[in-house]
Amino acid sequence: MDEGQGDMSNRTIAFFNHRSGKGKSDAQKIDEFFNTKLGKESQILRLNDPRIQTDGSTIFVHTDTEALISFWLPLTKKHPATDFIFMSTDPPSLAPYISETQCNACCCEHPAHVLAEYGEVSEFLAAAASGRRISEIRQLLKRKASTEWLVAAYILLLARKAKVIGNETDLGPRQYMDALWHAAGSMVCDKPSVLPTDTEAFLQMDSEELDSAIAQIRLSLSGINRSV
Amino acid sequence: MSESSRPQIFFAISPDVRQLLATKSSLRHSWLDHQIMDRDPETIVRRHRENSPERQIFEAKICPAGEFAVEVLRARELCSGIVERVNPRTLMSLGPFDKLPSETKGQISRWLNGLYLESIPIESIKADIEVAINAFSAKLQAFAETWQHQTPPTSQSVGQAFIELQAVARDLYAAIGRIPDGTVLP
């Protein structure tokens, strides 16, 4: 993959985007963007469109998680030279599948970070319009995603410390929360991580452990703050 | 104060906060600083005396619907939203919290809001900005009237009115500067 080229006109970019209000409409704008600004013929293709197998310069917009797992991820293996930028609001549930495919174009190597969050396609558009490299765009998305995981972990730790979150508090699907801790733990800047490894560990933390974890995330967030 | 004992950290994370910071920076730097505070009153007086394109450009800025009035409106808009825009409870809409049950989300959100209001005098910051905007607005009107009604070469009162405008611009600059540079985290 000739990463680092400013010209994106010959690239395939796939957006996996399956929840409401997260940028599918913006993705349509990307289609317009490529057509009008780059003078490139691009189309929004539906799943199962036969052209998907052959057209190496098409933007794909996908909206269904199940089909993503069964159809799109195998496709990434078939097109190793294609840039796939994954955008989803449900990274943990998809991460295991991405991990299996060893996709070569994810935002970073860690399964839990693989999917850049959100449909903030406008940010991508701005970056693309300014001629930024694909790798830089990935970095943008990755930084944004990792920052939000850290902030989420930070708030949960503080809430636990303040006893706003108790042992009986409903935290939603365990798999999702586990993935959050997994992701946040690998993102703190000073190693080893003192963050909980999963939800069970989070709920078992004593006051001292909570303080350490909170301090560690604060340090990471301060570092990100300075780099913004 | 050490890193760990700071009462809060500021963190630019959402597009809305980035927009807020851009507006804050633009109002202070591009408008108040460059167009008013940094200007030499003598230059303004000279401009008033000349019948030049520069004079017309400046007049267009200070007239009731001119650029300065538009900037005042932008400042008012900025001010009206700050209490909520830097509130950490806005972070509960982040993707990682998507699967958190709404009841739990609500509890954490209320708790964050309480911490936020205790940690920073945001209502007072907002009130100070409003006062500064009103003072600036009044002086701007006075300056524009002086500019309009004074006849050269007796332009010294224009200079004096501009100096007074600069003083309230400095107050407004300082007041806007107190807006947190991002979401206020506990």
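Colleague: Is A:Thr199 buried or exposed?
Modeller: A:Thr199 counts as buried, because 20 C-beta neighbours lie inside 10 Å. By definition, a residue is buried if 20 or more other C-beta atoms lie within 10 Å of its own, exposed if 12 or fewer, and partly exposed in between, with C-beta atoms placed from the backbone.

Colleague: Before we go on, what kind of model is this?
Modeller: This is a predicted model, in which local features need pLDDT of at least 70 and side-chain atom pairs count only at pLDDT 80 or more, while totals for chains, interfaces and linings use all residues. Residues are numbered from 1 along each chain as its sequence is written, and chains are lettered from A and ligands numbered from 1 in the order in which they are written.

Colleague: Back to A:Thr199. Which helix does it lie in?
Modeller: A:Thr199 is in helix 7 of chain A, residues 199-204. Helices (H or I, at least four residues) and strands (E, at least two) are DSSP runs, numbered from the N terminus.

Colleague: And what does A:Thr199 touch?
Modeller: Not counting residues up to four places away in sequence, A:Thr199 touches A:Leu171, A:Arg174, A:Met177, A:Asp178 and A:Trp181. Contact here means that the C-beta atoms of two residues, placed from the backbone, lie within 7 Å.

Colleague: How many residues apart in sequence are A:Ala179 and A:Thr199?
Modeller: They are 20 residues apart in sequence, and 8.7 Å apart in space, C-alpha to C-alpha. A:Ala179 sits in helix 6 of chain A, residues 174-187, and is buried, with 25 other C-beta atoms within 10 Å.

Colleague: Which residues touch the most other members of the largest nonpolar core?
Modeller: A:Ala153 and A:Tyr154, in a core of 73 residues. A nonpolar core is a set of buried Ala, Val, Leu, Ile, Met, Phe, Trp, Tyr and Cys residues joined through C-beta atoms within 7 Å. Leaving aside neighbours within four places in sequence, A:Ala153 is in contact with A:Leu180, A:Trp181, A:Ala184, A:Leu195 and A:Ile217.

Colleague: Where is A:Lys163?
Modeller: A:Lys163 is in the loop between helix 5 (134-161) and helix 6 of chain A. The residue is exposed, with 10 other C-beta atoms within 10 Å. A:Lys163 has a positive phi of about 65° although it is not a glycine. Most residues other than glycine have a negative phi.

Colleague: What about A:Glu168, buried or exposed?
Modeller: Exposed, with 6 other C-beta atoms within 10 Å. A:Glu168 is also in the loop between helix 5 and helix 6 of chain A. A:Glu168 and A:Leu203 are 35 residues apart in sequence and 9.5 Å apart in space, C-alpha to C-alpha.

Colleague: How do helix 6 and helix 7 of chain B cross?
Modeller: The axes of helix 6 (residues 122-149) and helix 7 (residues 156-177) of chain B come within 9 Å and cross at roughly 165°. Axes are lines fitted to C-alpha atoms, for helices over the stretch in contact, and angles run from 0 to 180 degrees between N-to-C directions. Helix 6 and helix 7 of chain B are therefore roughly antiparallel to each other. Angles under 35 degrees count as roughly parallel, over 145 as roughly antiparallel, 65 to 115 as roughly perpendicular and the rest as oblique.

Colleague: Which residue classes are in the contact of helix 6 with helix 7 of chain B?
Modeller: That contact of helix 6 of chain B with helix 7 of chain B has 18 nonpolar, 2 polar and 4 charged residues. Ala, Val, Leu, Ile, Met, Phe, Trp, Tyr, Cys and Pro count as nonpolar, Asp, Glu, Lys and Arg as charged, and the others, Gly among them, as polar.

Colleague: And at what angle do helix 2 and helix 7 of chain B cross?
Modeller: Roughly 140°, with the axes of helix 2 (residues 41-49) and helix 7 of chain B coming within 9 Å. That makes helix 2 of chain B oblique to helix 7 of chain B. The residues of this contact of helix 2 with helix 7 of chain B divide into 6 nonpolar, 3 polar and 1 charged.
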